[in-house]
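Hi there,

Here is the structure I said I would pass on. Have a look at it first, and then read my notes below.

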Amino acid sequence: MLAMKIINVRFYDSKSPMILVEAPGRDPRPCIDYRKLSNITKTKCFPLPNVEVHKETVSLVKYITTMDLYKGYLTDSSDYGMGTVLSQIDKDGNEHPIVYHSKKFSEIDEKYGVSEKEYAAIIFAIQKLRHL
């Protein structure tokens, strides 16, 4: 195909060579080696927290409280920022806001997808409201 000028040779930093892999009893199949691309790709990864560290921390505290995430705890995000509201529902079912928090996204945060922004809002809320 190169001789027939159907394809051209190009050089890129992230060039991923294609090779034909032959397996016994099967037709050769094309495979792409993405290792070069993987080496230059920058991702945002957040490691899972170590449960043992949290268990140790919890065992040292004097008081343990829990947040009912089903009631009275709202988070939201937009393209530009995030916010959280802690509210309380009275005996008549009326909702009363207690605390508001909001934060503008940084230029890096603005590039997050919708799910990542929502997760960031939840983490922000937990960090802000953890001592209430």
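How much accessible surface does the protein have, and what share of it belongs to carbon and sulfur atoms? The accessible surface comes to about 12,100 Å², and 57% of that belongs to carbon and sulfur atoms. Areas here come from the Shrake-Rupley method with a 1.4 Å probe, and for residues only the protein chains shown count as cover.

Before you go further: this is a predicted model, in which local features need pLDDT of at least 70 and side-chain atom pairs count only at pLDDT 80 or more, while totals for chains, interfaces and linings use all residues. Residues are numbered from 1 along each chain as its sequence is written, and side-chain values use heavy atoms, with hydrogens and water left out.

Now the overall fold. You'll find three helices and five strands, in the order β-β-α-α-β-β-β-α along the sequence. Helices (H or I, at least four residues) and strands (E, at least two) are DSSP runs, numbered from the N terminus. Of the 132 residues, 14% are buried (under 20% relative accessible area; exposed is over 50%, partly exposed in between, with a 1.4 Å probe and protein chains only).

Lysine 117 counts as buried because its relative accessibility is 6%. Its side chain reaches the backbone oxygen of aspartate 79 at 3.4 Å. Beyond residues up to four places away in sequence, lysine 117 touches Ser77, Ser78, Asp79, Phe105, Asp109, Glu110 and Tyr112 (contact means heavy atoms within 4.5 Å).

H3 also matters for the second largest pocket: the helix gives the most to its lining, with six residues. That lining has 15 residues, and Phe46, Tyr112, Tyr119, Ala120 and Ile123 lie nearest the pocket's centre. A pocket is an open set of points on a 1 Å grid over the protein atoms alone, where a 1.4 Å probe fits, with protein on both sides within 12 Å along at least five of seven lines; lining residues have an atom within 4 Å of a point.

Last stop: histidine 101, in strand E5 (residues 95–104). At 24% relative accessibility, histidine 101 counts as partly exposed. Valine 85 is 16 residues away from histidine 101 in sequence, with 6.6 Å between their C-alpha atoms. Leaving out neighbours within four places in sequence, the contacts of histidine 101 include Met82, Phe124 and Leu129.

Cheers

Key:
Polar contact = N/O pair within 3.5 Å; in protein donor to acceptor, adjacent residues only side chain to side chain.
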